[in-house]
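Biologist: I have not looked at this one before. Can you walk me through it?

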Amino acid sequence: MPEPERVDGGNGARPGIVARLDKLITAAADLFSTRSQIFGEELSRKTGHLARGIAAATIAATLAFLAFLLLAGLVAAFFARILGSAWLGVLVALVLYAGGAVLAAFLAIRAFSRVRPLDFPITSREIGRDWETVRRAAGIEPEPGASPRLPESSAPPPAEGFEERLREGWE
């Protein structure tokens with residue numbers, strides 16, 4: 001029959017609690033050590049796969065670049081054959097590639113000009129509306145003109161509560 005735990009008369013703590021805490025800490029340390037070893041093994045395997053993947057991707061990119069160079073030579077040879085002059089064929093291929101590069105650069109500049117990395121008007125407006133809702137719920141009236149609201153567009157009238165606005169966004 002197990003012996004009942006004794007209570008220390010001075011502070012009311014059981015003498016076995018320190019032993020239990022020590023066992024708990026030892027078990028947690030052993031568990032952490034085991035898990036870290038398992039994690040290290042898995043990480044080393046993943047690192048090997050990653051290294052092989054990077055090496056294969058590098059080889060693939062190099063071969064693709066060489067294939068594009070050969071394609072450029074083929075196009076130049078095609079135009080040289082049609083026009084009867086090697087210099088003229090290379091010049092036409094060069095003008096063709098330069099024109100394609102200029103067109104691609106123009107399209108890229110046009111697309112990048114539409115990117116405004118710090119401009120999120122709808123998100124800002126909705127955060128402002130949420131902040132006002134939270135302030136009203138907390139009993140704090142928003143100061144007039146303190147909310148950074150953007151001008152309303154031709155959107156339907158906003159729902160009153162937070163949940164209604166959330167549902168409105170999902171419709």
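Modeller: A term to begin with: helices (H or I, at least four residues) and strands (E, at least two) are DSSP runs, numbered from the N terminus. The expected span of a helix is 1.5 Å times one less than its number of residues. This is a predicted model, where local features need pLDDT of at least 70, side-chain atom pairs count only at pLDDT 80 or more, and totals for chains, interfaces and linings use all residues. Residues are numbered from 1 along each chain as its sequence is written, and side-chain values use heavy atoms, with hydrogens and water left out.

Biologist: How many helices and strands does the protein chain have?

Modeller: Four helices and zero strands, in the order α-α-α-α from the N terminus.

Biologist: What does H3 reach from its first C-alpha to its last?

Modeller: H3, residues 121-137, reaches 24 Å, close to the 24 Å expected for its 17 residues at 1.5 Å a residue.

Biologist: Which residues of H3 are buried?

Modeller: Arg125, Gly128, Arg129, Glu132, Thr133 and Arg135. Buried means under 20% relative accessible area, exposed over 50%, partly exposed in between (1.4 Å probe, protein chains only). Seen down the axis of H3, these buried residues fall within an arc of 165°, so they line one face of the helix. The arc is that of the directions from the helix axis to the C-beta atoms.

Biologist: And which exposed residues sit on the face turned away?

Modeller: Ile127, Trp131 and Ala137.

Biologist: What comes just after H3?

Modeller: Gly139, with a positive phi of about 85°.

Biologist: Changing topic, what share of the protein chain counts as buried?

Modeller: Of its 171 residues, 8%.
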